[in-house]
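Thanks for coming. Please have a look at the model on the screen, and then I will go through a few places in it.

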Amino acid sequence: MLMQEGKAITFTSNLPNTLAASEEDSAILEILGGQRLSGHVTISGAKNSALVLMAGALLCPQECRLRNVPSLVDVGRMGEILRALGVKLERQGDCLTLNASSIGESRAPYELVSQLRASFFVIGPLLARLGVARVPLPGGCAIGARPVDLHVRGLQAMGAEVQIDHGMVNAYVRGASKRLKGAKIYLDYPSVGATETLMMAATLADGETIIENAAQEPEVADLANFCRAMGAKIWGAGTNTITISGVPSLYSTDYSIIPDRIEAGTFLVAGAITCSEISLSPVVPDHLTAVIAKLQAVGAQVITEAPHRLRLIPSDRNRATDIETLPYPGFPTDMQAQFMALLALSEGNSVITETVFENRLRHVAELNRMGANIRLKGCNAIIQGVPMLSGAPVVATDLRASAALVLAGLAANGKTTIQGLHHLDRGYEQLETKLQKLGARLQRVKVSSDSSKDPALKT
Ligand code: EPZ
């Protein structure tokens with residue numbers, strides 16, 4: 001329970017706590033593979049929308065409500081960062097009320113920012129609202145160096161002075177109005193984060209901003225829709241050119257976040273890899289076009305049963321296919337690891353090329369521990385499909401790698417144990433419970449205690 005001025009703050013009533021990774025990893029996941037799944041799974045709100053929309057609420061001097069907010073460690077951490085900046089937050093179920101009317105603090109605390117890269121998203125709204133922002137450099141993470149040069153260059157083009165000093169990004173706007181100016185910005189790479197930072201900053205800027213070679217991800221469009229619901233003037237979000245006409249201020253809104261396309265994609269692969277027929281909703285099928293195309297390429301069928309409901313009909317024997325990760329609408333890098341698990345068990349040779357992040361193939365070694373036959377060549381993984389994986393103790397190295405190991409464990413022969421669950425909890429809401437409801441045999445056990453309560457899992 002978080003305390004402020006001696007009073008309890010009702011913020012993260014049912015959010016997983018945001019303990020440091022080491023404290024949290026006192027549990028492992030045990031999976032007994034080879035079970036067919038069946039039934040329906042409910043998809044949660046999108047993590048990568050929730051995080052940036054929570055930061056976007058900083059733009060508004062009135063109370064805002066976000067609905068369909070997933071219960072995730074990362075959401076809890078973003079909440080703590082916003083609280084440190086003076087935002088009042090209240091959570092009831094999947095509904096989050098944010099009140100940034102009296103933010104005064106422009107400095108985001110390092111100890112919180114260091115735990116969540118996405119916290120860098122606060123720099124745009126703080127600069128736009130207060131004319132000053134001091135945010136620690138997020139630094140690299142397991143999947144890559146992840147610089148923020150495109151964010152900084154865009155803010156400078158809008159008139160901000162930016163100094164990076166002692167690991168801190170200090171940004172401020174000169175002049176009495178302290179207001180950013182509209183600008184034409186060409187992004188060297190369609191970065192999701194940079195597009196979102198600059199779009200938020202431009203909503204309160206003086207004049208028009210045009211972002212060219214912008215990211216087109218659905219989460220970018222969701223952020224634009226949220227900002228528009230608060231009165232912002234934004235056109236073209238979801239395309240590679242976004243135009244924003246700055247307004248003096250924004251107003252209160254009540255907005256529902258889109259479903260998580262990556263969680264949905266992960267469950268579709270869970271069906272394909274276990275040769276199981278399952279359905280899932282709510283989803284926006286258009287957000288999954290590249291993923292569905294690759295599922296069809298391996299031989300599965302994906303049917304749109306209703307506007308926001310998909311059914312996966314598996315193939316008896318998945319075929320090989322090649323994948324190259326690209327910015328949206330290309331194949332999402334956040335689905336690369338999950339498809340690697342699927343292709344490891346498919347007939348023939350596949351090549352996966354990771355072009356977005358320079359260090360996002362660390363799950364290969366763990367999948368090979370389970371009997372996969374994958375070789376690495378630079379940013380390519382050359383996969384020779386095998387008939388069967390065997391359960392083994394493995395370690396998750398990042399969020400999507402952890403999901404891939406869960407999927408491999410569901411299909412493998414025997415028991416798999418997965419360590420590093422703090423990665424999984426960052427981005428999947430109640431994954432075990434949802435999989436158990438589909439008939440999977442898995443459970444989270446504390447490593448200290450007698451590790452298995454299910455006799456069938458005792459070996
Ligand atoms: C977002 O990260 C997502 N995170 C990532 O999801 C996702 O993988 C990524 O977009 C790509 O789709 C959130 O939305 C919170 P980028 P982001 O800026 O914004 C380089 C997950 O698993 N780059 O599009 O950080 C960068 O290094 C996470 O849910 C620069 O060089 O991604 C990378 O190679 C992981 N300079 C590439 O662009 C910059 O200033 C793509 O990064 C910014 C980025």
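I start with a term: a polar contact is a pair of N or O atoms within 3.5 Å; within protein, one must be able to donate a hydrogen and the other to accept it, and residues adjacent in sequence count only if both atoms are side-chain atoms. With that in hand, an oxygen atom of the ligand is 2.6 Å from an N or O atom in the side chain of D334. For S191, a polar side-chain atom is 2.6 Å from an oxygen atom of the ligand, and for N48 a polar side-chain atom is 3.1 Å from a ligand oxygen atom.

How many residues surround the ligand? There are 22, and the closest are D149, S191, V192, D334 and V356; a residue is near a molecule if one of its heavy atoms lies within 4 Å of it.

Now the source. This is a predicted model, where local features need pLDDT of at least 70 and side-chain atom pairs count only at pLDDT 80 or more, while totals for chains, interfaces and linings use all residues. Residues are numbered from 1 along each chain as its sequence is written, and side-chain values use heavy atoms, with hydrogens and water left out.

pLDDT is the predictor's confidence in each residue, from 0 to 100. The protein averages 92, and 92% of the residues score at least 70. Over residues 1-21 pLDDT stays under 50, and the model has 46 contacts there beyond four places in sequence; contact means heavy atoms within 4.5 Å. Residues 452-459 also stay under 50, with 17 such contacts.

Next, two helices; these are DSSP runs (H or I, at least four residues), as strands are (E, at least two), numbered from the N terminus. Helix α2 (residues 47-56) packs with helix α8 (residues 218-229) at about 30 degrees, with axes 9 Å apart. Axes are lines fitted to C-alpha atoms over the stretch in contact, and angles run from 0 to 180 degrees between N-to-C directions. N48, S49, V52, L53 and G56 of α2 meet E219, D222, L223 and F226 of α8.

Last, the backbone. Most peptide bonds are trans. The bond joining S281 and P282 is cis, with omega about -10 degrees, and P282 lies in the loop between β16 (278-281) and α10 (289-297). Y328 to P329 is cis too, with omega near 10 degrees.
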